Number of protein chains: 2
Amino acid sequence: MFPLNTDQLAAQVAARGILDISTATIRQISSLASAIEQVAGEPVVHMELGNPGLPAAQAGIEAQIEALRSGVAAKYPNINGIPRLKEAASAFFKAFLDIDIPPRTIVPTVGSMQGCFTTEMLLGQSKPGCDTIAFLLPGFPAQVHQAKVLGFKTTGFDILKHRGDALEAPLRALFEQGNIAGLVYSNPNNPAWTNLTERELEIIGRLATEYDVVVVEDHAYMGMDYRNRFGHPGREPFIPTVAKYTDNYILLCSASKIFSYAGERIALVCMSPAVFDRHYPYLEEFYEMPTYGDAYIFGVLYATSSGTSHSAQYALAAMLEAATQGTLDFVDDCSEYGRRGKRAKEVFRRNGFHLVYADDAGTPISDGFFFTAGYGDMPSDELQLELLRYGVSAISLPSTGSKHNGLRICISTMGSDELFEMLDRRLARFHADHPISVAAEISRQQVQ
Amino acid sequence: MFPLNTDQLAAQVAARGILDISTATIRQISSLASAIEQVAGEPVVHMELGNPGLPAAQAGIEAQIEALRSGVAAKYPNINGIPRLKEAASAFFKAFLDIDIPPRTIVPTVGSMQGCFTTEMLLGQSKPGCDTIAFLLPGFPAQVHQAKVLGFKTTGFDILKHRGDALEAPLRALFEQGNIAGLVYSNPNNPAWTNLTERELEIIGRLATEYDVVVVEDHAYMGMDYRNRFGHPGREPFIPTVAKYTDNYILLCSASKIFSYAGERIALVCMSPAVFDRHYPYLEEFYEMPTYGDAYIFGVLYATSSGTSHSAQYALAAMLEAATQGTLDFVDDCSEYGRRGKRAKEVFRRNGFHLVYADDAGTPISDGFFFTAGYGDMPSDELQLELLRYGVSAISLPSTGSKHNGLRICISTMGSDELFEMLDRRLARFHADHPISVAAEISRQQVQ
């Protein structure tokens, strides 16, 4: 029965070997939440892990099964990616983002986790002295963890107070350090579900060119800013991207969320031709490969996994083709996340919570996969543990690089009325047990 | 038409951006061989890339298809591996190697390429000052490349002159350096197809315990020493392993060759409980995880790909189960490689070639997936390029860390009489055009 007492919770945290809750990985939090369910004898409301929560696109499943029947399991996949996938991807980016990326510079990876890990790895090696990966914060904690594991330094700044034109000054200051190997962010933002405006993308692109920094733009949630109707092939509005404003870009595009295909670990790294064909003297010597793209494919991807599941490449190719042909509306298929996000926000707000990242340079943020929730001035780790004690699991904002108190709330698996009612009951109980002082609330609002 | 002239060949090498043929990756050589086919207008005999060359095990394909139909594509795989796979693997190692590894210390990876990459990475971080990965040489070049890419030092020694009891002295000297993070080798050996004797495994295990070095034993070609009949579940002879002689081991076991499942990139990293549960102060601080096993799963595997194809895990589980139940005889299924190896060796020998690594401490080596071929005293890179000019592609021994001249010959895709006849014709032409001097041959035999 929730709430557990504090000793019960502390025992589970200790038993999982978690030394600091605020820096635990999402997978560790998820594992902790599962253990707590056993103790409580009832389910936790899982809002920590971004599992798709929708069925996988059928076009992918059928194509993958057909590929398996045709015998691809016996053959190493071409490490470059199968031609059909590369061509489908190129057409997909033209249809939905209105950008030109040739097939030869698009490569499949074992999810965007591998895509980002390997990209950070090679960018961090490309220019001696540029040993720091920069992030727009808050960000996906795993991507910061990747840089750390690779032995690189990390930096970045919290965008909350730097939206619109105000983005330029801190970004310029960052790039002026001269040690930035790449700038990583996801758009829509994980965890805040903010979306960069065209003005902000222009600033990022312009400075990336000016300071020769490669931008790594993660499109994990492509098209899921439901304030616009994206996803009609070849028609405006096109999905915003920094690729409109610089040649210094690498896009990450995962099938995990847009096609609900997370289980098969399949994604794309899309290098601009300028990045792909770039000569770096250090890479030429170290990998004995003439270009960044060759070093990436034959040096790094080969070393890390020797390519990506052969059958899953056929699945992704088929899904991209169906989307481009207009027979698979991936934006509409995922719009359920918008509805769940809207409803979950209402439940949190009704029970005393506030949005931490609430708007895009003045416009209220979209409803979608995530949002950020604070509670009075309660510190993040306390809020995370207390809410877990009441049977609701989420990850803390400091673990995402935010300077602000609060949690990342993921709504993806909120697939039933019962779950929303359970959430409402538990938050109401939490709210009743934790009165927000008027002074704290005023102080919080003044900070915002 | 083969042979090409030297200018035609040089142009293709340059066009592929290959700066040094002796250090080019296998994938680059494979790509070069494909380009040369275009120029020659006839197929190259591909003996460079270890593609399975047999159909994938049907039990795997059926299980993978069933898993896809049941909806696993939509769900992130547990990064620990699905319980069914972990349990099947534990039973498999008991049945065929007669060793006890519990399910909890067995984890799936994206092929043994990821298994080795991530293992080297974590071993190289575990003990400050131990920044060098050691290899028994010759070895699989990709595993040495992995250590280099990760920024570690590499070392090792050529086993040709150090078989049997003579293995102990150089291994002790290596471990006495005090900077060895792990010792990596594959058994059967890639590229030489030597097999370590029980006496040699005992020496390795004993010294690994004495010097606290973790042994990474790659079983890519498990059971394929056809001088013995392995592969009857629960019955002797059991497949030899260092796990009999030390607790300081990690086994790599890939589905790529033993089940001809290379396309799906699925393998297992099997840590001894002693390694899994080991506390390293540095890992505890860096990853905030108490044990090596936790740091490996939640810190490293999470960062590199967030797990392994969900459906392929079901495939591997089903294949391991079928093998343990005796309905899938993976050793017999792969015995075709022994026949192809025997026949290819005869063709090479008939045309003036000799085996470079010819015996296991006095006993002639097994016939199998690879063998090593030298030609008089012709240097390796010259032999590789000349043979390619005549339409036969292989990789050079120096690229595998060998000190000796010659090539690694892979017989896996020699699936027809026509291919063997083509090989014979081309080697005969090569032999006729390149007389071996008697002096060179005597000199070579004196060195052996």
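Predicted model: local features only at pLDDT ≥ 70, side-chain atom pairs only at ≥ 80, totals over all residues.
With 17 other C-beta atoms within 10 Å, A:Ala361 counts as partly exposed. A:Glu288 is another non-glycine residue with a positive phi, here about 55 degrees. That residue belongs to the loop between helix H11 (281-287) and helix H12 (292-305) of chain A, and A:Glu288 is partly exposed too, having 19 other C-beta atoms within 10 Å.

A couple of cis peptide bonds also turn up. One joins A:Phe2 and A:Pro3, with omega at about -5 degrees; A:Pro3 is part of the segment ahead of helix H1 (6-15) of chain A. In chain B, the bond from B:Leu137 to B:Pro138 is cis, with omega near 0 degrees, and B:Pro138 falls in the loop between strand E3 (132-137) and H6 of chain B.

Turning to the sheets, chain A has an open one of seven strands, ordered E2-E8-E7-E6-E5-E3-E4, with mixed pairing. Strand E2 (106-109) and strand E4 (153-158) of chain A are the edge strands, each pairing on one side only. From one strand to the next, the twist averages 20 degrees. Helix H7 (residues 168-176) of chain A lies across strand E3 (132-137), E4 and E5 of chain A, and runs at about 165 degrees to E4(A).

Within this sheet, strand E5 (residues 180-186) of chain A and E6(A) run parallel and are joined by five bridges, with A:Tyr185 opposite A:Glu217 in E6(A). Strand E6 (residues 214-218) of chain A is in turn joined to E7(A) by four bridges, again running parallel. A:Glu217 shows up here as well, as its bridge partner in E7(A) is A:Leu251. On to strand E8 (residues 267-271) of chain A: five bridges join E7(A) to this strand, and the two run antiparallel. A:Ile250 stands opposite A:Met271 in E8(A).

How enclosed is strand E7 itself? Six of the six residues of E7 (residues 249-254) of chain A are buried, so the strand is largely enclosed by the rest of the structure. A:Tyr249, A:Leu251 and A:Cys253 point one way, while A:Ile250, A:Leu252 and A:Ser254 point the other way, and all are buried. A:Asp433 is located in helix H17 (residues 417-433) of chain A. Between A:Asp433 and A:Ala89 there are 344 residues in sequence and 52 Å in space, C-alpha to C-alpha.

As for the nonpolar packing, the largest nonpolar core has 312 residues, of which A:Cys270, A:Met319, A:Ile409, B:Cys270, B:Met319 and B:Ile409 touch the most other members. Setting aside neighbours within four places in sequence, the contacts of A:Ile409 include A:Met47, A:Ala344, A:Phe348 and A:Phe370.

An open sheet of four strands runs in the order E9-E12-E15-E14 (chain B), with antiparallel pairing. Strand E9 (353-355) and strand E14 (395-396) of chain B are at the edges with a single partner strand each, so one side of each has no neighbour in the sheet. Strand E12 (residues 370-375) and strand E15 (residues 407-410) of chain B run antiparallel, with four bridges between them, and B:Phe371 stands opposite B:Ile409 in E15(B). Helix H15 (residues 336-350) of chain B packs on this sheet, touching E9, E12 and E15 of chain B, and its direction makes about 0 degrees with that of E12(B).

Finally, the two chains. Chain B is superposed on chain A by a rotation of 180 degrees with 0.0 Å of shift along the axis (RMSD 0.0 Å). The copies are thus related as by a two-fold rotation axis. In chain B, B:Ile65 has the C-alpha nearest the axis, 2.9 Å from it. At the interface, 59 residues of chain B are in contact with 59 residues of chain A. On the side of chain B that touches chain A, H12(B) gives the most, with eight residues. That side divides into 28 nonpolar, 24 polar and seven charged residues. Since 100% of the interface residues of chain B are also interface residues in chain A, the copies meet through the same surface.

Note on methods. Residues numbered from 1 in each chain as written. Chains lettered and ligands numbered in written order. Buried ≥ 20, exposed ≤ 12 C-beta atoms within 10 Å, placed from the backbone. Pairing = 2+ DSSP bridges. Core = buried A, V, L, I, M, F, W, Y, C linked by C-beta atoms within 7 Å. Contact = placed C-beta atoms within 7 Å. Least-squares fit on C-alpha atoms with pLDDT ≥ 70 in both. Axes fitted to C-alpha atoms, helices over the stretch in contact; angles between N-to-C directions. Nonpolar A, V, L, I, M, F, W, Y, C, P; charged D, E, K, R; others polar.
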